[in-house]
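Subject: Model handover

Hello,

Here is the model for your files. My notes follow below it.

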Amino acid sequence: MVDTAAPGADVEAAPALKRKRSLGGWLLIAIPYAWLLFFFLAPFFIVFKISLSEIAVAIPPYLPTFDLAEGWQGLRENFAAFSFENYIWLTQDALYWKSYLSSVWIAATSTAITLVIGYPLAYGMARAPAAWRPTLLMLVILPFWTSFLIRVYAWIGILKNEGLLNQALLSIGVIDEPLTILNTNAAVYIGIVYSYLPFLVLPLYATLEKLDESLLEAASDLGCPPWKAFWKITVPLSLPGVIAGCFLVFIPAVGEFVIPDLLGGSETLMIGKTLWSEFFANRDWPVSSAVAVILLLILVVPIVLFQNQQQRASEKDA
Amino acid sequence: MAKKPIGPVRRDFTPWESGNAKPFIEFRNVTKRFGDFTAVDNLSLTIYEREFFALLGGSGCGKTTMMRMLGGFEEPSAGEIFLDGQNLAGVPPYRRPANMMFQSYALFPHMSVERNIAFGLQQDKLPKGEIEARVQQMLKLVKLEDFAKRKPHQLSGGQRQRVALARSIAKKPKVLLLDEPLGALDRKLREETQFELMDLQTELGMTFLIVTHDQEEAMTVADRIAVMDRGRIIQVATPAEIYETPNSRFVADFIGSINLIEARVASRNGTVTRLKAPNLEREIAVSQPTDANVGDTVWFAIRPEKIRLGFDAPQNGTANAAEAEIWDIGYLGDVSIFHAKAAEDLILKSTVANITRTVERPISWEDNVWLSWDEDAGVILTR
Ligand SMILES: Nc1ncnc2c1ncn2[C@@H]1O[C@H](COP(=O)(O)OP(=O)(O)O)[C@@H](O)[C@H]1O
Ligand SMILES: [Mg+2]
C-alpha cells in the first residue's frame with residue numbers, strides 16, 4: 001500500500017540528502033543562523049544580563065558593567081553581583097502583572113475582531129473570479145507601501161473629536177455630539193485590527209484559495225445546503241489558515257507599543273507602554289529589561305504552538 | 001467478479017422498445033454554452049428506470065457537462081431536464097434525488113472513511129442507529145470494514161474510489177451518476193469493479209448513468225450506450241447494436257476496429273444492395289437494409305473479425321472477395337491481426353483467432369491471399 005511505503009521512503013531519503021550537503025550548502029544554512037545569533041540571541045543575552053543588574057546613576061545606568069581590563073577577578077565579582085531582584089520586584093508592583101494581563105486581553109480581543117472581519121474578506125477574495133484575485137490581493141498588501149507609523153498617525157486624524165469620522169457621522173445626523181474614540185481602548189482596538197488585518201487575511205486567503213470546490217459540490221450533492229457546507233467543510237478545512245493568521249496577529253499585538261501610545265489613553269494598560277516608560281521616563285534599564293524578558297517568556301508559548309502548527313501543516317501538504 | 005448470473009435479469013430489460021414505458025430521465029433539447037463555446041448542443045435523451053446507461057465519447061465532448069446539469073451544478077442554457085416527471089429547472093443539487101460519484105472522488109479530507117459515508121445520511125437527519133447500520137452495510141459492500149477510521153489520504157487510489165462509491169450510494173438515490181468512476185484504476189481492478197458495479201445496480205435497483213471514454217467499459221456495463229461527439233449524440237443503442245450496426249462512420253470508427261471502404265451504390269435488388277468500390281475488382285453485396293439510392297456515394301463498413309483469410313479464391317459468387325498481399329501481421333496472443341493490401345490505397349484488416357498453438361503461421365508476410373466475407377457481415381453507412 002502506498003501509505004505505509006511513503007513514510008519509510010522518506011526516512012531513507014533524509015540521511016542521503018544530509019550526506020550530500022556541500023560546502024556551499026553549509027554556507028547557505030550558516031547565514032540565517034549567523035543572523036539569528038548576532039541580531040537575536042546576542043541582544044537577548046545582553047538584555048538578560050542587564051535585567052540581572054542593579055540601577056545606578058551612571059552611564060550606562062546600571063551596575064555592574066563589564067570591564068575587560070579588570071580581568072578574571074573582575075568577571076567573577078560581576079557574576080557575584082547578579083541578582084533576580086528585578087524579577088521579584090515585578091511581582092510586587094501590581095502595575096506589571098496588570099499590564100501583562102491587559103496586553104494579553106487586548107491582543108486576544110483584537111485577534112478575535114480581526115478574525116471576524118478578516119474571514120469574510122479572505123473568503124470573498126478566494127471566491128472572487130480568478131481574474132480579480134491578483135488585484136484584490138494587491139489591495140490587501142497596498143497599505144504596506146506606507147510607513148506603519150504614518151498610517152497609525154492617520155487614524156488620529158480620523159478618530160479625534162473633530163476628526164473625519166465624527167464629522168461624517170454628524171453631517172448625516174447619526175449623532176448630535178462628537179464621539180470620544182481617540183485616547184480610549186476602542187481606538188487601540190481599531191488601530192490593532194486595522195494594522196494587523198493583512199497578516200490574518202493573507203494566510204487565510206492562501207488556505208481558502210486552495211480549497212477544492214468540488215468538495216462543496218459533493219456536500220451539496222449529498223443534500224447539504226451551502227450555509228451548512230460552509231460550517232462542515234470550508235471552516236474545518238481553513239482552520240490551519242485561521243490558526244496561522246491568529247498567531248500572526250496575536251503575537252506582535254501583545255507587545256505593541258506604537259498603537260496604544262498614539263491612539264490609547266491613560267486608561268490603556270499595555271506592557272509595551274509600561275516598558276517604554278520604565279526605560280525612557282524612569283531610566284530604569286534593569287527593570288525594563290526584566291519586563292522584556294518576561295514578555296518574551298509569555299510569548300514563547302504561542303510562538304511554539306504556532307511553529308508546531310506550521311510544521312504539521314507543511315507535513316500534511318507534502 | 002460476478003457471482004450472480006446477471007443475464008436472466010437483464011436479458012428482457014428493453015423498456016426503450018416498448019414505446020409506452022415512462023421515461024425516468026429526460027433531456028429535452030438541452031443546450032449548454034460556456035461563453036460562445038457550445039459544450040452541449042440541442043441534445044435530447046431518454047433514460048428509463050433501473051437502466052444502466054452509458055455516455056461514451058472522446059475527451060471534451062461534453063459528457064461531464066451533461067452529468068453536471070443533471071446533478072444541478074450547471075444550469076442548461078436552453079432546454080429542460082426531467083427526472084421522474086419533475087422539471088429540474090432551478091432545483092438546487094441538495095434537493096435532487098440523484099447522487100454523483102465525482103471524477104476526482106471529492107472525498108472530505110478532514111473526515112474518516114465512515115464519516116464520509118455517513119455525511120449524506122446525516123443531512124437527511126436519520127436516527128443515529130440507522131446511520132450507523134447503513135454505514136456498516138456500505139463498508140461491507142465495498143469491502144472497507146477495516147478502514148473505517150482512516151482518513152482519505154491514508155488510502156490507496158482504489159480504496160478511495162470505493163469510499164467515493166459507497167458515499168454516493170449510501171443514500172440509495174433514485175439515480176446514481178458516475179463520472180469516469182474507474183479512470184484511476186489499473187486494468188485488472190477496473191474489470192473487476194465493472195462487474196461489481198453491475199451486480200450492485202441489479203441489487204439496489206437504481207438507475208445508473210455512467211460517463212466514460214473507455215468503449216470496453218461502456219460495452220461491459222451498460223444496457224444502452226449514447227455515443228457523443230462535440231456536444232451531440234450520434235447514436236443511442238445497445239452495445240451489440242452499436243457494434244454491429246453503427247449509424248455513422250464516427251460511431252463505427254469510435255467503437256472497436258473497422259474497415260471502411262468508400263463505394264458507389266451500383267444496384268438495388270430486393271434486399272441486397274450492390275456497391276462498387278473504385279479500387280476493388282469485385283462488387284460488394286450487402287443484405288443489411290439501407291436507404292441509399294443507386295449512384296450515391298456510401299461507405300461499406302466491416303469488422304476485421306468478419307473478414308475471412310484464405311489462399312484459394314472463393315468459388316461461389318462474383319462479389320465480396322478481394323485478392324490481397326499480406327503487408328503486416330500483429331500477434332496479440334488470442335488473435336492475430338493481418339493487414340492485407342487489396343489495392344494501392346486500400347489496406348484491409350482481418351483478425352483471426354489463434355485456435356491452435358502453432359507458432360509457425362500458415363500465412364506469412366508477402367503471401368498472396370484472398371479476403372472474403374458474407375453478405376450480412378458488413379453495413380452500408382451514408383454519413
Ligand atoms: N466551466 C466551464 N467553462 C468553460 N468551458 C467549459 C467549462 N466546463 C467545461 N467546459 C468545456 O466544455 C467542453 C466539454 O467539457 P466536459 O463536459 O468536461 O467534457 P468531457 O466529455 O471530457 O467530460 C470542454 O471543451 C471544456 O473545455
Ligand atoms: Mg469529464
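With which residue does E51(B) form a salt bridge, and how far apart are the closest N and O atoms? The partner is R224(B), and the closest N and O atoms are 2.6 Å apart. A salt bridge here is a side-chain nitrogen of Lys or Arg within 4 Å of a carboxyl oxygen of Asp or Glu. E51(B) sits in the loop between β2 (37-48) and β3 (52-57) of chain B and R224(B) in strand β9 (residues 224-229), so the pair ties together parts that are 173 residues apart in sequence. Helices (H or I, at least four residues) and strands (E, at least two) are DSSP runs, numbered from the N terminus. Both E51(B) and R224(B) are buried, where buried means under 20% relative accessible area, exposed over 50%, and partly exposed in between (1.4 Å probe, protein chains only).

Some conventions before the rest. This is a predicted model, in which local features need pLDDT of at least 70 and side-chain atom pairs count only at pLDDT 80 or more, while totals for chains, interfaces and linings use all residues. Residues are numbered from 1 along each chain as its sequence is written, chains are lettered from A and ligands numbered from 1 in the order in which they are written, and side-chain values use heavy atoms, with hydrogens and water left out.

Other salt bridges

Over all chains the count is 23 salt bridges. K171(B) and D124(B) form one of them, at 3.3 Å from N to O. K171(B) is in the loop between α6 (157-169) and β7 (175-179) of chain B, and D124(B) is in the loop between α4 (113-123) and α5 (128-141), 47 residues apart. K171(B) is buried at a relative accessible area of 19%, whereas D124(B) is partly exposed at 42%.

E196(B) and R162(B) also pair, with 3.7 Å from N to O. This pair links helix α7 (residues 187-204) of chain B, which holds E196(B), to helix α6, which holds R162(B), across 34 residues. E196(B) is buried at 18% relative accessibility, and R162(B) is buried at 13%. A network of salt bridges links E217(A), K32(B), R68(B) and E74(B).

Domains of chain B

The domain assignment (automatic or from a database) gives chain B a domain 1 (15-252) and a domain 2 (257-381). Their centres, taken over C-alpha atoms, are 39 Å apart. Nine residues of domain 1 are in contact with nine residues of domain 2; contact means heavy atoms within 4.5 Å. The two domains bury about 800 Å² between them, 57% of it on carbon and sulfur atoms. Y243(B), R249(B) and A252(B) supply 66% of the area that domain 1 buries against domain 2, more than any other three residues. Buried area is the accessible area (1.4 Å probe) that two parts lose on being put together, summed over both.

One salt bridge is found across this interface. On the domain 1 side, α9 (239-244) and α10 (249-254) of chain B each supply at least two of the residues that touch domain 2. The largest share, three residues, comes from α9(B).

Chain A

An unreviewed UniProt entry carries the annotation "domain: ABC transmembrane type-1" for residues 100-306 of chain A. Such positions are given in the numbering used here, with feature names shortened, and annotations may be inferred rather than shown by experiment. Over residues 100-306 the chain is 77% helix and 0% strand, with the end C-alpha atoms 20 Å apart.

Regards
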